[in-house]
Structure formats: structure tokens, C-alpha cells
Amino acid sequence: MFVLCLSKPVSWFTLIRNILSANFASSSITYLTDFSPFLLCQVMVDEQNLNFLLSYCISALKQCNSWTHVEILQALAALVYNNGPKCQKYLPDLLGKTGLLVQFSDSAQPDVELRRAAVRSMANLCLSVPGQPYLDESYRNVCFQTFLSVLQSSKTSDVDDITFCMLLQNALKGIQSLLNGGKMKLMQTDQIGSLLAVLKKCMFHGLPGLSIEMPAALYPAPLPQYDKRSPAKQEQLEPAAFKQTGNRRKKSKGKQKKGELAEEGKEHSGDAGNESVLGADMLKLHLGDVPNSPRADPGTRAPAGAAVPAGKDHSSSRCTAWKRISSSESEYSDAEGGIQSKVRSYQANVRQGALACFLSAIKSIEKRVIYGYWSAFVPDAPGIGSPQSVSLMTIALKDPSPKTRACALQVLSAILEGSKQFLSVAEDASDHKRAFTPFSVTIASSVRELHRCLLLALVAESSSQTLTQIVKCLANLVSNAPYSRLKPGLLTRVWNQIKPYICHKDVNVRVSSLTLLGAIVSVQAPLPEVQLLLQQPSSAGLNNSGSATPHRWSSDPWRKALPSERGTPENPAGCMASEPCWLIHLCVSIIVLPREDSCSDSDANLAFSSVYEPCPLRLESLQVLALLVKGYFSLAQSYFLELGEVACRCMEEMDPSIQLHGAKLLEELGTGVLQQYRPDSAVSPEQRVPLSLVVTFWTMMLNGPLPGILQNSPHATLQTSACDALSSILPEAFSSLQDDQQILCVTLLLGLNHSENPLVKAAAARALGVYILFSCLRQDVMFVADTANAILNSLHDKSPNVRAKAAWSLGNLTDTLIINMETMGQRFQEEFSDLLLLKMLWSATEASKDRDKVKSNAVRALGNVLHFLQPYHVANPRFREAIEESLQALISTVQSEATMKVRWNACYALGNVFKNPALPLGEAPWTTQAYSALSSVVKSCKNFKVRIKSAMALSIPSRRECYGSTEQFRQIWAALVVALQKSEDTEDFLEFKYSASLRTQICQALLHLLSLAKSTDLPLIWESITQDGDVIKSYVLQYLKSGAEENEAGTHVDSCERERVLKGAIEHLGGIEKQLGGKARVRVSVYLEDVLTNHVNATELAEA
């Protein structure tokens, strides 16, 4: 359809005649004699007619009188809208060095309407079309510089405000199109600084009571910059602007115009009806002055407005400097008031456009670069006697338009998102008394000011949509702020301020409030401050809150809503907390209690009515519960069975999303118990959830909906979460379950391992890898065999994720083989199928050639299987080729450029291989290759943990014959000496912390070699000592002196044990040298005796 806008139809007759003669019968033509730029629609036209019309417009611009140019450019803008990719051949005429649009949009152009029409056409050209090529970089740069020039220009006296605002809007839309559609990456500092400067300028365009002057460019700086205000202008603006006070809910009296003005007017009128008032005295409040809870109902009015309803006049109780503007009580006549209303509406659109453009810029600039401009957009605490710098929070607190305030908060949220690393430097836990302010204190001050300003905005806001953005912004701030490095109290204020909004009339506000609470309980958990907040009485911070649902804070209703349907006993007295957790009460109440009629006016917008609260609210409550259980399980365990009942209730519902989050809550409950029962757990046995209660819990789960979900659910994600939940069962509890329940769990997992969905199959494979470590299952040869077959099946799956999980489980399964070999002896080895063992060897060898996530566990499995082999396996011809292939795979992995985790596992695997006396270590050809690979790694690998593991592997063989020839023994010794000398050489400072462990492991390996050396090795060892004896001596003395410490294997080797090993090496070498006779052959033992003597003397001196 054609839409031609004709304010002077006579001047367009020629164009109409040409269109009609172009056989364009398929399109209809509509003539609009009243032109409105924002009513121009996309011209749906084929390429042939588009070329004709574009050619005609370009010719007309070159040949027709200047008075026609504006309308021609308007037609051109309609033509190129979303047709940019089809206009490539006309770009030189339009955007070239002497292009028409470049000329008409030049800053020297006196006709501002012409300039605006040209900028608009250029902006429409910059729109991207999915799947179509975008503008060349040269044209993008031309457009960017043009838009930037427009935004940098100042309004002259002969240009009216509305026209200038429309010019700025078009330029902002053009830049936004370049950033979004063109994926333009801003890299140069000047380019970024110039854009951010004009965006900051436009963000405050027309904001009442504020006039700032910006430089041409901003630069990265740790402190606020260029916040230069014009007092004269401000004094002139404020009286005119702020005399208009009164009822915020009155609509604008200005008449709405047609076209673009009508839409803008509607938006402004809507904004005026939702404005909130904030007094200057509020802005002077410090963070500690923010009240714990608003006195007015947050669901019906701005809580900060004391007891004054939103519809009353605030002029008597608020300073006018920070009032939001209303069109009532104006000095202007109706006509003047209508014009002022339109001007304010257009100025608000400019501010919104600048903020939308800023949001796109944040996505186009690296975050680390954006944080260089942090101080230009994020508030900082004002210095003594100086005003606060203008920032995004200035807009959020002062702008009269709720939509603009929401836009500013969206931008601030985007800046805060992912800022954890940047904000991690903030620190003010201790008082700094220095001549300068450290950067860490500056950032901490900014974080505190953000909390203060956002809390002020929270209590002052009446628009539900903007209120939601404030709470989301607070949630982003909480998720990234380093509270452990800040003085406590910030989270307490946020916590107390957000409580009343959980009962807000708007569902979105309630959901975002729960999101904020979830952020608080998950950030750097567990925090002592949050622990205290969770133990507060349920009524704390809720006095006079106007809550419509006061009984939800009590534990009685929801406890009654969870009957003991499954025969669960009450929690034992020792498992109850001294103070109930009100947040658990709240979330469970929202999840299980019926909704209340007076709760939410906006719930009528839901697609269907439900007896429960709206689904988003229940989902968020489930997520908060899961986060609370994860971070503060010691509190949640008091409600262990009740929370399990909640999870069951959710999994029984029909809504898959509710079922999914119920399964996730179940998984967190299971994981919390697992962590309590870990050997290294700091939780005492008396404080753990009793084992009998855990058994009761899982009995309830297995008698509930969990098996049905695993068997019959059509939702793969739900089945995956249920599978993860089933794998979080405590092994001790599993062994106490009834036999039929144990069989049910195993059968479900083995069956799901054949699922066609990769997510479910991967989860099942991982769960089998968990179960194979259970002591009651790993000794069952049939279960081990069934699990091995299932895992090997998944190891050949086409999904990389399935293969990665299967490889991890295969590593666990082979760990079980070693444990059973050591605990059950030969009986288990004989019962285990040789054919299955061979299949595992081949599959693991093949998996070791896969991607790194699969390879790291595949090589671990190879080492275990090769360690498990018995002499009759090694002698079996069917195994011979598989053994050779697997060893070559390990050796090549050690030498490869794979990730450090893969190489670490490969070194670990070779160490396991060396433990098997059935393998011909020292005789087979692969022995030389294996030692050579480990020797190379221990000398030159960049990762010290890999070096440590390779040194450990070199010290494992227990007989001298395993090290092969004298020359091979010499190479291993020489490699370890070189590694000892280079143990402090690293390019990565992070590796330096492992250097002491590396030296310890190398010294242990050297002493191990000395204790096994034979007579033919002594000359080579002595030669090395002659050259590097002083270095070796110093490191060995350091090793002996270091005392008790944990080595890489996780075992403690004290100084007495180290002395014993050294004495054993001296005795062994002394015996050999004594047999040989001759003075020349007794020097190695003498050298070691000298090292031991020095150590003993140093120890006695230190003790004295």
C-alpha cells in the first residue's frame, strides 16, 4: 500500500502521474492532505517501482525549487523506511561526500525543517532488515557523524522547541538503529566519549529546574566530571516551571492535536496522571534516615508522602525545588498551557530517546570500558558544601514522566548487570584516615549512595510500572555489591523497605519484590547480616504498612494447609529453630494458600482465574525458597519436612513450570543434607538433619509424584530436574530405604538413560554416576555391570553434553572398580565380566579423542581400568591391542595442547597405571614414551598443578626395574633437578602460589629415586650433584624444614616422616657404596648425610 502525504497536492501531480503509469495495479494509493511525519508508513513496493520512485525523488531534489525539498524528503523517508538494503545503488547520491542528505543535514543548513527531514530520511536508511545486508562501514560513519553533530548542536532563538525536539529525536533514533541493527562496536575513546557526552546532555533535555553544560566528549575518570550547571539559567527556569504545582492526578488541559502530536499528547497525559512528588527534604536524607516502612499503603500511594494521599496538594509540605510538574494551577492561558504541555511532552520523548539510545550503547561497548565512565552516570555521595552530581538517579528521582523514570532505571540496571568484578574493589569496612581517598572507598561510597537514592525513589514512586523497575534495579545492585567488604546495614535497610511491597496491589511489583528478597538471600551467602534478618519476627518492619494480607506472615495457616497426607511425623524438637523464619512462612503461604479477594486489583488481567495466587508470584516464591535453602540451610532445616511437602504439592500440580520449580526445591533440600554429611563439613553431627528424618523425607518423595514425573512427564526439562533431584539423595539414607524403593530409583534411572531427549539422558547418566559410588550398590556386581552398559551406551551418544556426563560417570564407575578391588579383593575381579572390561577400555580410549569435556574424564577412566587389570588380562591376546592403544592415548594426551584439566587427569591416570604390577613397566616400549612425556611436562608445563601431578606420577613405581635402563633413570633424575631449579619460574603470577607444593613433590620424587638407585646409577647421580649440588641441597633443606603440610594427594607428610625417608635413602646408598668399595664411590651418601646434619643443627638452633 502506498501512503503519500500531500500538504500541497498540486506540487505532486507529476509524481502521482508517474506512479500510476508504472503498472502498479497491485497497490492502492491513499492521499493524506494533512501531513504528519509520524503517520508516514512503510511503502510496500516492489524493487522495480522502488527504484523508479527513488530515482524520481533524487532528481526532484536536484532540480526542483527549494520550497519543495521538505515534502520530497518526507516522501523519500517513507520510501526508504525498512527498504534500506534495496537502496544500495542510490547511497552515493544520498550519503556520499556530496550526497543530498549529507548536504541538507549539515549544521550550516539554515532551514531547520529541511534539516530535520534530511536527518529523518537518513535515520530511516539506517534501519536494519533481518537477513538483509546492512550499510557499508563508510556510510555508517557518515550517518553516525551527522547524527552526532545534530545532537551536539544548540537550539537557536529562531527555532521553536517542538521542532528542535523532533530533530533531536530523529538523530537519536538514527544512532540507536546504527547500534542495534548495524551491530556497531564503539572502540575508540573519542568516539565513545563524544556519544556519551551528547547522550548525557539529551538525558536531561528540558528537565524542569535543571540546566547543565556538557563538553564535546567525556573521558574515563574515577570522579564525577563536567557537571557544570548554569545558575543563571536555572534561576530563570525554576520560577516558571515550579509555579505549576497541585493535584498530580489531574489531566493536562492542553488540547491534543492530530497525528504525531496526538500520540505524544496521550503519552504525556498518561505520565501526568502517574507523577509522584519528592520533596527537597527527602533528597537530603542520608541512608540511615530512610524509614523502616512507609506509613501509607504502598499499593495505593507514594509511601514517602507521609500521610498525604496522592490526590492532595503537596505544596504546603514540600519544597518546590524537587516537585514534579503538573499542568494545573498554571499562569498560562489554555492555549499557552496547551503549548507548554506539548513542549514538555516532546522534551520527555527526547529524554526517553536518549536513554533508549544509551541502553543500546551499553550493549555495543565492552563493560570494562563502560565502567570507566561510571562516575558520569552513577551517583556519588556529595562532598561537604558541594551539590550532588547529576546522574541517572537524578532522572529517576526528579523527572515528571513515569516512563522516563523507568527508562533511566532500565539503563542503570544494564550498567549494574555483570558489575560484580568491578564493584568487588569497593571496601569501607574499616575507617580510612589518609591524605587521599582510595579508589576502593570511592566505589564503596558510590554503592552506598546508590542504595540511598534507590530507596528514596522506592518510597516516593506511585507508578506501578516504574516501581517495578526500581525494585529490579535494587535486585541487580544487591546481586553485584560486595557486602562482605562493606559496613553492615545496607541490606537491612533494603530488607525493611521492601517488606510492605510484597503485599502491593500490583502483581508485577510483588514479583519483583520477591526477586529482590531472593537476591538478598543468595548474595555471598551466608552473610551474618542476612542471617539475623531471616530470624526477625514476622511483624518486624510491617507496622502500619496497610497490608491487605496480614495473616500470611503467620505460620499457622500454611501449616494447616500442609496436612500429613503421607503420614509424615512432626519434626523432632532438636530440629526446630529458636526463631521462626518469616520469609519461609511468606513464600510457603503464597505457594499453598488460596488467594484472597482483596489482594490484587491487577490480577483481573490474568488469562484465567485460579484459587491460588498468580503463577508468576508462586514461581518467584519457589525460587526464593530454593535460594534460601541453598544459602541458609541451617535455618531451612527447621522446616525440612514441610518444605518437602511443598515440593510434593507443587509436583502434583498440572502447571509444568510449578512442577519444575518444585523439583528444583527438592534438589536444593537434598543437596543441603549432602553438604551437612560431607566428611569435611563444619556442621557437627548434633546439628545435622537426623538420618531418620532424611529417610522419612525421601520415603515421602518416592511415595509421592516424583516417580510419576520421571516415568510419564512429557516435559523434558521437568524430567531432567526430577532426575537431578533424585541424584541428591543422601547415600546413608538410600541404604536405609526399603528394598522396593531402592529398586525403583535404580530402575527409573536405568530406563531414563535410554531417553531420546539429550537433556534427560544426560541427567540420567550423571545420576547413575552418583549412585555407583553408594556403598550399598557398588559391591553389587550386577548393578555395576548394568550401570556400566548404560553409561557406555550414553558415551556414544551424538549429544556432546550426554557424552560429557557419561564420561564423568564412567570415571566414577572405574573409581568404584578400584575401591572394590582394594576392599573385596580378587572375588570381585573374577566376577566382573572380562568382555565388559574390554568394552570399557575401548570406549574410554575412543572417548579420549573427543572434546576436552569428555576427554578429561575419559583419561581418568583409562587410568583406573589399566590399574584394575589382572595378569591374566594382560596376557590375554584380546586385551593386548586395547592396552597398547589406551596407553598411547594417555601418553599423547599428556603431551598434547589440551586444557590443563585434561593434562592433569592424564598425568594422574599414568600414575594409576604405574601402580599395577601386572603391567610390564620398564620393559615394554611404551614405558620410555610415558616417562619421556612426564619428564617433559614436569620441566616445562605452564600450569604448576600439572607439573605437581607429573612429579607425583614419576615417584610412584616401587621397584628400580620399573624405571628401565640406567640412561632412562638418568633422564628422569635430570628432568626433576631441572624442574626443581625452575620451580619459581612462571609467567602467570597466579601459579606462584603452587610453587612450594611443586618443590615438595619434586623433592619427594628425588628422594624416592635415591632410595631405589642401583650401583650403575650412582655415577650419573654424582655428576648431577657435582654440578647442581648447592641448589639441590638448599631446596631439600627447605623441604625438610617446611614441617607438616598437605601434599597434592591430600595426605599429610610431617617433618619426621621426611627425615625418615632421607635416612632410608642414605642407608640404601651407603650399603651400595660399601659393597662397591673405593673412596670415589661413597660421595652420594656423604652428601646426603651432610644435608641431614645441616637440617638437624638448624632445627636444634631454632628450638634453642
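Residues are numbered from 1 along each chain as its sequence is written. In this predicted model, local features need pLDDT of at least 70, side-chain atom pairs count only at pLDDT 80 or more, and totals for chains, interfaces and linings use all residues, while side-chain values use heavy atoms, with hydrogens and water left out.

**Exercise 1.** Determine which residues of helix α30 are buried and what covers them.

Solution. Helices are DSSP runs (H or I, at least four residues), numbered from the N terminus. Buried means under 20% relative accessible area, exposed over 50%, and partly exposed in between (1.4 Å probe, protein chains only). By this criterion, Leu 693, Val 694, Val 695, Phe 697, Trp 698, Met 700, Met 701 and Leu 702 of α30 are buried. Their cover includes α28 (640-651), α29 (656-676), α31 (706-712), α32 (716-726), α33 (731-736) and α34 (739-752), where contact means heavy atoms within 4.5 Å.

**Exercise 2.** Characterise the salt bridge between Glu 113 and Arg 116.

Solution. A salt bridge requires a side-chain nitrogen of Lys or Arg within 4 Å of a carboxyl oxygen of Asp or Glu. For Glu 113 and Arg 116, the N to O distance is 3.2 Å. Both residues lie in helix α6 (residues 112-125), 3 residues apart, about one turn of the helix. Glu 113 is partly exposed at 30%, whereas Arg 116 is buried at 6%.

**Exercise 3.** State how exposed the partners Asp 680 and Arg 678 are.

Solution. The closest N and O atoms of this salt bridge between Asp 680 and Arg 678 are 3.1 Å apart. Asp 680 is exposed, at 59% relative accessible area; Arg 678 is partly exposed, at 44%.

How values were computed. Helix = DSSP H or I, 4+ residues; strand = E, 2+ residues; numbered from the N terminus.
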